[in-house]
Structures are given as structure tokens and as C-alpha cells.
Amino acid sequence: MPAVALVRWAVVTAALASVALPLCVAAVPVARPTTEKRQTFFVRALGHQSHGEAEGSYAPLSILAAPTVGLLASATAVEGITASLAKDAQYVERSNVLRLPSGRWRYVPADRAASVTVPAGDPAALRQIAQSRTWLAAGRVPGRSPAQRAAAERALLSMRALLRPNGSLAAGWTPGWMYSWPRDACFASAAFAHTGHEAEAYRILRYSAATQRKDGTWDARTKLDGSGPPDGRRWQLDANGWVPWATWQWYRTAPRTTRQARLNTLYPMVRKAADHAAASLGKDGLPPASPDYWELMTTTTNIGTAAPLLAGLNASADLARELDRPADAARWSGAARRLSAGIARSFGPLGYQRTVDGRHGHDSAVAFMAPPFNAAPADLPRALDATYRALLRPQGGLTPGNDPTAPWGANAWTPSTSLFALAWAGTGRPAEAGKVLDWLLAKRNTLGELPEKVDGAGRPSSVAPLAWTGSILVLSLVALDDGALPTPPLRS
């Protein structure tokens, strides 16, 4: 995700933490990333202090395109919907075809790269609508109410639109978001897997394998054609947890007739990722300091890296057992036990705050210690409650953290907020999860899309849709429907 010592999400509001703003977008084949350094452009928030790393050039906010509020999409092409186009418009139900106020339809034809406006009932548009509905019907739409199911349908269609044919997943469809982040993609893979869309889930994992670096790690993000990172920002260690975790979630849901052969294909990726994660642990059982999911560098170990690595090591060990690789399973289980003990010893007494030194406040990454990532420690419910209270904004959502060195302004962030729905759904607190989901559904924009942020006045803001928020929503609804999602086991 965004950049060296900066935050991706705060691209539009200068009062928030800095975000890397890549200024170009790429297309579709997959290739290995290169080590070539590319120039990076950033917007730095007022008062934000970097951590001493070279951060490239800075560009004014005025260069940014207006953020999207929705998507027009075919199987191969995507086009963002602007706020002006969306005014008084609505999607044709369960599709990415837009019904304009005039009654005409706007959509991206299968053989075109740009959208066209056609009369309502256009045969080609009807075929695209039918394809979207068939795709939804081939899987599962979670949710216990019509509003929840409608939101899940829209989130699934948006994730499908943001997924490229080669398996890369755009975080959103506005410059600055039109890149593939391992974490966002892994959440989407898990959401596709748990809603019966195995082909999409596996395609993302194949892309992860194709873009893994030789040392077993991943770049913070890649261009959508898979040719490598768009800039020289620092890579993040948390991907070494997210990718094996997503692979495990896919395996648990994949057809038994094909999953073993496909896991064998993915296993070299899992092995390199888990071995690197295990080797990164210090004498205290913890990984080194690394940029966290805020994409800010920390000087000490952060929970946003440690918790995903624990999930990934447990997932890797369980996958090794499935393939009868006892040595791998023992090695990664041992590393997971060391990491689990290190987290309990160093983060537990702090309420799983952002950093192991306890100097950077609460962090929504505390949710990564809950299912479906990790079996919840006994003291986690108290930490979840304390963190939620500390991060709650007046408009009802959460700020990602309250670290005084990384100001977030007045916005609530939908990914951080929805993580608590997922954590509470996984820890036997459906009422609390439901309240978070009610807030989230109430903050969709006029097209029913989930925005990245909600401003101080309670209005949707920034990019919509955001793939990460959509995937967390879908996973939360599945967890509530089923009572829980599977969680990689910590073996003794």
C-alpha cells in the first residue's frame, strides 16, 4: 500500500496523513517486478513528520482527478463514474449498467474500452446485465436482510469490476488507487472464496505468485500489468502473512476435485513467504519494524505486521500438513508459537496497541488478532472495546488510529470501521457487529457504493467503491450468516 512513511488513503484531504500519489496506470499481462527505482510523487499533510527516508517529489492536490463514485465495467474494461454522471442515476439492478435520469442506459460494451449511452433495453446491454446476474447467482450473496444482501451484491460486483483478467486487483478506480496492493487483493480473494467465486479467488493468488519477489516478499503495490512497483517506496512485511492466509481461506472453500493440484501450484509461493516470515523473527519472537497497514514506517514492531504474520505462519503450517510436508509444517508451527508468545508478552499488556513500545496509541489493526485471522486471545475482547471507544469519531465510524505523530483529521475510514464488524462477528458478538454494519450501510453513496471515508458531516467522501471495504463487508456478512469464518489453527 501507499508509500514509504506515508498513508495511501489520505489522498484527497490535505489535513490527513500523507499519501503516495502514483501518476500513471498500467494495463494487463503479468511479468516479474523489477528492482528499478521509479520517481514517486506525494502529497504531504500539514504537520506530518516523516521518519527520515527519502520520499521523492511532492505534487499539489490539484493534480488529482475527481474520485470515482461508481464503476462501469465489462469483462475486460473499467470506467469510473463521476459524481456529475451519477446525479439522479442508478444502476440497473444487479449490474454495472447505469440508468441515467433520461431513462437511457450507459455501459461499457464487451468490445469497447469506453462507455456508450444506449436506449433502455439495448440488447447488448441486456446481455451484460444477464451475465452479471448469472455470475452472482453462481455463488452466494450473504446477508440477513434485503439491505445487507443488496450491499453485498454491489460489493461483489465492484470487486469483480476491479479485478483484472491477469489477477491484479485495483484498490479503486481513481489515480492513486489504480494499483494492486497485496493486502487488499488477499481480502478480496477470501471474500470471493467464501461466496463461491473460486475462479476469481484463485486468479488473485496466481497473480500473487507471479509478483512475489525472489526473497519471498512482495512490493508494497504493483502496477496492474504486474510489471513491478510504480515507484521506489518501501516494501511491507505484512504481505508475507496476508498471502498464505488468503491461500488457506481459498483452500478451505475450493472444490475438492481440483484444490490439491492447485495448492501444489501455489505451494512454492507459500513456502518462500513463510520461510521469510519465520526467519524475520528476533530473539523476542517478534518481526522487525516495518511499514504497517497505514503504510507508515514505525521504529519498533507494530501489531499491523505481527498479527498478519501469525495468521500466515499458522496458515502455511496447516497447508503443509495438507500436502504431507511435515518438516515445513513443524518449522512454521514452531515459528508461529514463538511469534504468538512474543505478541502475548509484548503487545498483550498494552491492549494490542499500534507499536510494541506503547508510544503510538490505539490502532484498528487490533482486529487482526481476531478470527478469521487468529484465534482470539482471552484478553482481546477488552482490547477491542477499548480501541473502538478510543477511535470512534462523532459521525459514528472510526479513525484508523490515534497516533499523535500521524494525524487523521475529522474523517472516519470505512476499512478500519468494518474491521470491527468482522472481529466482533468472529468473537461471538453479533449485535455489536450488526451495529457497525448498519452504520456502514447507511454511509453508502447514492449508487449504493461503499466509500473509503466518511467526512466530519457524515457524508461519503473520497473514492468509491473501495475494494478493501467491500471485501471486509462481505466477509463480515458471511461470518454472521454462518456463525464464524474458519481461522488458521495455532498448533501446540
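A crossing of two helices is left-handed if the near helix is turned anticlockwise from the far one by less than a right angle, and right-handed if clockwise. The views below come from a predicted model, in which local features need pLDDT of at least 70, side-chain atom pairs count only at pLDDT 80 or more, and totals for chains, interfaces and linings use all residues. Residues are numbered from 1 along each chain as its sequence is written, and side-chain values use heavy atoms, with hydrogens and water left out.

**View A. Helix H11 (residues 414–426) crosses helix H12 (residues 430–442).** Helices (H or I, at least four residues) and strands (E, at least two) are DSSP runs, numbered from the N terminus. The two axes come within 7 Å and cross at roughly 155 degrees; H11 is therefore roughly antiparallel to H12 (angle over 145 degrees). Axes are lines fitted to C-alpha atoms, for helices over the stretch in contact, and angles run from 0 to 180 degrees between N-to-C directions. H11 passes H12 in a left-handed crossing. On H11 the contact (heavy atoms within 4.5 Å) includes Ala421 and Trp424, and on H12 it includes Val436, Leu437 and Trp439. By class, nine nonpolar, three polar and one charged residues make up this contact.

**View B. Strands E6, E7, E8 and E9 form an open antiparallel sheet in that order.** Strands pair if DSSP finds at least two bridges between them. E6 (90–91) and E9 (116–118) stand at the edges with a single partner strand each, so one side of each lacks a neighbour in the sheet. Two bridges join E7 (residues 98–99) to E8 (residues 105–107), and Leu98 stands opposite Arg106 in E8. Helix H2 (residues 123–138) packs on the sheet and touches E8 and E9, its direction making about 65 degrees with that of E8.

**View D. Asp88 and Ser462 have a positive phi although neither is a glycine.** Phi is about 65 degrees for Asp88, which is found in the loop between helix H1 (83–86) and E6. Asp88 is exposed, with a relative accessible area of 61% (exposed is over 50%, buried under 20%, partly exposed in between; 1.4 Å probe, protein chains only). Ser462 has a phi of about 65 degrees and is placed in the loop between E12 and H13; at 12% relative accessibility, Ser462 counts as buried.

Technical notes. Parallel < 35°, antiparallel > 145°, perpendicular 65-115°, else oblique. Nonpolar A, V, L, I, M, F, W, Y, C, P; charged D, E, K, R; others polar.
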